[in-house]
Amino acid sequence: MKPKVFLEFVEIKSLIASVLPFVLGSMYAFYNYHQLHLGYLLLFFIASSLFHMATNANDNYQDFLHAPRNDDNQAFLEETNVVGVNQISIGQARLITFGLAGISLIIGLWLVTQTGLPLLWMGIYSYAVGYFYAGGPKPISQGPFGEFFSGFTMGFMIFWIAVFINTYDVAPLSWSSTLGVLIASGLAIFAISNIMLANNICDMDEDIALGRHTILYYLGKPVMLQVFAWSYVAGYACLVIAVIMGVLPKFSLLTLISIISVWKNTRIFMHKQVKRETFTISIKNATLICLSFIVFMGLGLIFN
């Protein structure tokens, strides 16, 4: 397989959606607990990145494998799906998917031996969501909860694991500490879930033709466009609450400056939902939000 095809198959461009929560979680750990385990952090970064690519690969080949073979879906199979377009064999697709996931799993299990069982349970949840997101008899991505699981797993779980592997030896898990992490990661959760929501909004007609009953099928486009817009509001509200709780530095509030650009982008998407033209708005918003968060949280770490 040519490198270009491989990178397209694993959707390397989407990797930023897991890298940003990883960075934010590490910064959160340093701000609240004043320590980092850089070796473990690097291994977790490698493991999470490999598994993110494996999940994308699994999504692509499962979509190709289970798409109905009829005239209505022929264009999807031959012109849209990366497996069909590049004539990737199912055996090759599986080898890449499970190879990446296997290496990630080995690294993850070793980290469990060093940090403790809580990481095992976090990992089991994450790997289960990663596989069943597109695999199994009823894939998560084809149902009404795809947005929740994508946002929660990537926005919160990656953030939380990054916090845990840096603090396992000084701060045992508790409900209060977990709540702090959840609220602090809220901005990332909603921004990332909106990527999935924007994708489903743009693909609503195609999804219905393919037999996918996403949240759009049940609630309709007008309602979910409102959810799309208000999700950003909810994320910014989480940021403010986290600062009030004291788990984020006050400098983090400067992230609110990003509202100006996010609002302009969101208005464009609210008026036009075309995959090739406006879907990337959700990615731009998530990147802008999380990068702003990182920059201003970083200033908070410096001047705290």
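Which residue just after H13 takes a positive phi? In this predicted model, that residue is Gly 246, with a phi of about 90°.

**Confidence and helix H13**

The mean pLDDT of the protein is 89, and 95% of its residues reach 70 or more. Among the elements, H13 has the highest mean pLDDT, 96, whereas helix H4 (residues 74-80) has the lowest, 57.

Helix H13 is built from 25 residues, and the distance from its first C-alpha to its last is 36 Å, close to the 36 Å expected at 1.5 Å a residue.

Two or more lining residues come from each of helix H8 (146-167), helix H9 (175-184), helix H10 (186-202) and helix H13 (221-245). The largest share, 6 residues, is that of H10. By class, the lining comprises 13 nonpolar, 5 polar and 1 charged residues.

Helix H10 is itself mostly covered, with 15 of its 17 residues buried. Because a helix of 17 residues should span 24 Å at 1.5 Å a residue, the 24 Å between the end C-alpha atoms of H10 agrees with expectation.

**Enclosed cavities**

The protein has 2 cavities of 30 Å³ or more. Their volumes and lining classes are set out below.

| Cavity | Volume | Lining by class |
|---|---|---|
| Largest cavity | about 80 Å³ | 8 nonpolar, 3 polar and no charged residues |
| Second largest cavity | about 50 Å³ | 8 nonpolar, 1 polar and no charged residues |

Residues lining the largest cavity include Tyr 33, Trp 160, Phe 164, Pro 172 and Val 181. Helices H8 and H9 are the elements that give two or more residues to this lining, and H8 gives the most, with 4 residues.

Around the second largest cavity, the lining includes Ile 16, Leu 20, Ile 192, Ile 283 and Cys 290. At least two lining residues are supplied by each of helix H2 (16-33), H10 and H16. The greatest contribution is that of H16, with 4 residues.

Conventions:
Residues are numbered from 1 along each chain as its sequence is written. This is a predicted model: local features need pLDDT of at least 70, side-chain atom pairs count only at pLDDT 80 or more; totals for chains, interfaces and linings use all residues. Side-chain values use heavy atoms; hydrogens and water are left out. Ala, Val, Leu, Ile, Met, Phe, Trp, Tyr, Cys and Pro count as nonpolar, Asp, Glu, Lys and Arg as charged, and the others, Gly among them, as polar. The expected span of a helix is 1.5 Å times one less than its number of residues. Buried means under 20% relative accessible area, exposed over 50%, partly exposed in between (1.4 Å probe, protein chains only). pLDDT is the predictor's confidence in each residue, from 0 to 100. On a 1 Å grid over the protein atoms alone, a cavity is a set of points where a 1.4 Å probe fits but cannot get out, and a pocket is an open set with protein on both sides within 12 Å along at least five of seven lines; lining residues have an atom within 4 Å of a point. Grid points are joined across faces, edges and corners, and a volume is the space filled by probe spheres set on the points.
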